[in-house]
Every structure is written in structure tokens, then in C-alpha cells.
Amino acid sequence: MISLFTKALIATRFLPRTRTCPSKLTAIQTMSSQCIFQLKLDPLTGNSEWVVIEENDNEQSFPHNFNQPLLATTSYLDMLNDSTRNRAFREAIEKTITKPCHVLDIGAGTGLLSMMAARAMGSSGRVTACESYLPMVKLMKKVLRLNGMEGRIKVINKRSDELIVGLDIPSRADVLVSEILDSELLGEGLIPTLQHAHDNLLMENPLTVPYRATTYGQLVESTFLWKLHDLHNNEASASDGIRLTPPELDSVLSVKRQQYAMHCDPIGEEIKPLSEPFKIFEFDFWKRPESYGETELCIKATNDGRAHAVVSWWVLQLDREGTIYYSTAPRWISSPTITSPVDWCDHWKQCVWFVPGSGISILKGEGIHLRATHTDTSISYNLDTQVPTTKVLHQGLTTGDLQLVLPPERAAIYGDKGWRLSMLKAIESGLQGRGRSLCLVADDSIFLPLLMANLSEAPHVISLLPGLKERGLHYLQAAACANRLSPNCIEVLEKRVKQLTMHDTHQKKVDLLIAEPFYLGHDSMLPWQNLRFWKDRTTLDYILSEDALIIPSKGILRACAISLPDLWKSRCCVSKIEGFDHSVVNATLGACGHLPELEEGPCLPFFVWQCGEFDVLSETFDVMEFDFSKKICQCQGKSQVF
């Protein structure tokens, strides 16, 4: 397995052809369904802008170069390639819908479930397909037309809670089919959607597919998962002399207490189960769910260990009788009636909830109390752990005033002593013989300002903190004091790079410009989209001294050939799905595998360790280098793979 902390983010291009990736696009639709907002991201600067696109009936209103990158980054294609899911829904729909009736499909997507329902009823009956996402509505209409279903299914481009009986649909529906589930189950609004549907759109005691969803959990020990959230204990062995979470500030930097979708099978060897699987909540689709629920369980330990996390998953019972199931359980879970998924898929993962701090020590046979609660959109847990108390610090501030929330990957990097040591050595080497230097930290790093202040004999560090702003300022002041540094050695401007002037640097040139190498890195961005630092360095050129030190000084784009059979399967072109032709969706959804000769797939970002099975097929090679010591310029590279 490739360590998460090496930033194993890859840009995946399926062979045989390569090209430059278009800008990534996302979009949201207005409630009126009259227009959508397209978010255009500049891959070089990291900046984005919203562009309004008006809706009209002409399918050409969305040019080809808009559709493809817009939908290629979604999970639609992976879901359509999930044959286990498709077969389970088809079998349950055919078993449930045995006579003509009115079927409502909420979140219809490409219309697959709607077509299954129409086919199950024969030539009679009525199907209403509700889909709020305008680009998907346009794609669904193409699929329906291709399969001769255009006249049998009414497509409505609205959210389901905007539907009005008597206006949008003639009567309440007898049957609900839907698949509005995320990895946590509730995150796509399952509960409020079902509540509104039962109150306004469905007959009393309707038939539903799915029939029920049940969430399960398991206590686990995992050093890998522990390092993703417990910064306080992980940074204790760092050799740089800086503590981001000193004793009095041990709770101010934390990972948000929520469930995180994550593939757990790849780290199965690093996970030690400490309990049997336990049932948490049941949600029945056939009746109105409650917005809030809680349950208390006593979990019996099956092994000695330290509980670092709760791994959870859900199981769908698709038919009333309980003969058709679909599970997102990790592969180490088995059940007499419900088997774990055989095929890797990316649209639904397991979820991880971190036990705060260093976890809870437990002995085999002991019981541990767990309290689970759910809201409209999420599930959370409480495991007899001590909740951090609010402390009053200097200047009347409390630890709550300084609270900063980190993503798990950032918490792991800040706690990685190898990463911190590399930054320490680079800065120490650059500062040799420089005396008093003016340092500018160009991003939201909280580690680099403290490290610079600790290393400089007469420190003058300016930190921009464009995102953290005042909260980051309060944190840095308190952390400087806790690390026995002068609180005045770090000046926070709360500005963005383009707003900076010589007035802000007190008419002094900057001797050291520094940023975290991956400060713009996200799992949804391609490697070369991390080049915003180069753009920032170019923007700031006029305030840099002639011999200014730039850290990082160089970027290197590297690549290698990898076999990714699971990922390949999930991104392949689709044709017939349970008897319905979907070939028209491939270009729009960014299909990569088995493309026609002249078509190209998109370049997409993935973490290698979460891509299922993989095998490295070539040596790593350099594609091109980016010299950050100079202003940004056009560059190109060419490499050959053997």
C-alpha cells in the first residue's frame, strides 16, 4: 500500500492516448430551473468564477466542451458500471411492480430505474422521473429516446420537494423508486426527501424500492486511521522544536467530528477489528422517517486493543420479503444472508468516525458504551471519551476562539515527523549566512510561520492567512506564546497575494518566500493544479529581493504506468445495462476504457491507495520541471515509457 502521507494523488489517464486536461467544472442549478451556475476553475492559478448558463430546450445550449468535464468528475459512470447494484434494483422492481400503477422515481439520473419500472408494468401505467440536475436531465432524455421510452416516462426538471400534485403530477404515486444515497446513507438528503414525499407525493402505505436501509458499525484499532486525526500525540516525536498543539492548546487543532467516506479494504491489513459488527439505525423507505434519532449500545470487545475508530457501512433491503440485498460492507465482513460486495466501486465507500485523541484502551470481553445519533443528513457517535473543556487563555480568549478545523490529510501531514524534518532542513539550509531576514508565508500554513520564527535569530515573519484570517491570527499568537516565542514576531495581514503592497512589508524587500508544497492540494484536483504557488511567486516578484530564497524552489511532475483494473472497470464505456442501451452517456460522463479509436477520455485525479487493485508497470520518470526561482513561464516536457 502507498502511504497516504506521501500525497499519493495521481492524475489518471487511460491509454492509449494523452492530451492536456480541460479545466475542471462543477455546477449547481437554481431552484427555478431556469439557469445553472457553472464554476470554471483556472488550473494554473486555482482561482474560480461562476458563469451563468441559461436553460433552453435546445440541447446545443450546452456545448460539448462543457458537458464532458462537468459530468466526468461525478460518480454516475461508476454507478452505471456497478452490475451488482443494477441487477439488485432490477430484480426488486420486477418483484415489486406487478401491475399498472403510478411510479415516482426521485433522483432519476439517466432514467435507468424509471425504464425498469415502465418495463415491469408493460404498456400501461405511468412513470414520473424527477431529476433536479439540468445536465443530467438532458442526458436522460437522450437515453430514453434511444430506448424508445420517451413517450412512456414523464421527465420533470425539479427537486422532488418542488413537485405539486395537480400541477406537476396528476395524482399521488403508488410506488416510489429512488437511489439518493451517499456513503454515509443520509448525506444526499434521504430523510427530508422521504418526509416530503410521504407528506405530499405518495399514497398511504406505498410500495418502495428500496424497502429498508440499515447502518452497521464495528470498533477497530488502526494506527493508520489514528494518524489521520490525533495531531497532538503524533507530533510529540517531531524534532523541530515546534508544537502546534502544546498542552494548553491540545484541542484547538482538530479534525471535524463527522464520518469520512473512505475505502477501508486497501488498509485492511492495518485494521484490527475489536468487536463484532453491530446494528445502529434502520430507515424504512415505505414510511415517513424521523428527523432525529438516537440509540445506545453496549459493545462487547472481541480483542484486546485500542479503539481508534468506528468503521460503518449500510445494507439495503430492496424487497419487502428480504431476499434481495445490496451492501457497502468491507470485504472482511460476512453474513449468512448478506454477502460483502465482490467488486470494487467508488461511488459508495465505507465511513470512518475517529475516536477522539489516542482512542480508548479495551480488553477482550469488556463492554464499551456507544451512543449514536442521527440528524436529517448525518450520523455521529459518542464513546465514553472525555470531551475537551473550554479553557480561558490570554487576552480573554478561549480555546473555542482559536479552534481550527483540519481535514484528516492535513492533520496527518502536520503530524508526520518526516515531512516536518524535510521542511526544517530546507529552511535551515536557506537561512545560513543571511542574518536578519524578512520572511513571507504566502498561504494558510500554521506550521511554517512558527518554524520560521523559531529558527530566525531576529525573526520578522509575515503570514498572509488568506483563508483563516482573524481566527488564524489568534491561533498563531497563542501558539507563539505556548512555544516561548514572542507573539510580535509573526505579523498576520489577512490578505491575498494580489492585494499585497510594499506598504504591507514596511517598504522592505522580502528575503524568503515560502509556502507548503501541497497547500492547495485536494483529492479533487490534478497535480499540476497545485501550481498556484508559482503564480503567487510571480505576482510578488516586485517585492522580492534580488537574492530572495524561494521555498519550494522547484516542482517536478513525475509519472509512471500503472495497472488499475478496478478503476478501469468503473470508468469503462457502458453499453447495455440490464437490457437498456446507455451508449449515448459515455462521452458526457467521461468514459475512459474501451473508447472508440478517435475518442479520448478525461484526465481525472485519484488517490492510488483508494483505487482498488493496482500494479506498477514502469519506472517513475520525470515529465517536466517548474523553476519557482523564476517568474512563471510556458514549459513543456516529453518522456517515453518502456
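Let's start with an open sheet of five strands, whose order is E26-E25-E24-E27-E28 and whose pairing is parallel. Its edge strands, each pairing on one side only, are E26 (490-492) and E28 (544-551). On average, neighbouring strands of this sheet are turned by 25° against each other, direction ignored. Here strands (E, at least two residues) and helices (H or I, at least four residues) are DSSP runs numbered from the N terminus, and two strands pair if DSSP finds at least two bridges between them.

A word on the source: this is a predicted model, in which local features need pLDDT of at least 70, side-chain atom pairs count only at pLDDT 80 or more, and totals for chains, interfaces and linings use all residues. Residues are numbered from 1 along each chain as its sequence is written, and side-chain values use heavy atoms, with hydrogens and water left out.

The protein chain as a whole has 14 helices and 35 strands. Of its 642 residues, 53% count as buried, meaning under 20% relative accessible area with a 1.4 Å probe, protein chains only.

A second open sheet also has five strands, in the order E7-E6-E5-E8-E9, with parallel pairing. Strand E7 (153-156) and strand E9 (202-209) are its edges, each pairing on one side only. The twist from one strand to the next averages 25°.

| Strands | Sense | Bridges |
|---|---|---|
| E24 (438-441) and E25 (460-463) | parallel | four |
| E5 (102-106) and E6 (126-130) | parallel | five |

Now for the helices. Helix H11 (447-455) lies across E24, E25, E26 and E27 (510-514), and runs at about 175° to E25. Helix H5 (134-146) lies across E6 and E7, at about 170° to E7. Helix H3 lies across E8 (173-178) and E9, at about 140° to E9. Axes are lines fitted to C-alpha atoms, for helices over the stretch in contact, and angles run from 0 to 180 degrees between N-to-C directions.

How do H3 and H4 cross, and at roughly what angle? The axes of H3 (83-96) and H4 (112-121) come within 9 Å and cross at roughly 35°.

Terms used:
Buried < 20%, exposed > 50% of the residue type's maximum accessible area, 1.4 Å probe, protein only. Contact = heavy atoms within 4.5 Å.
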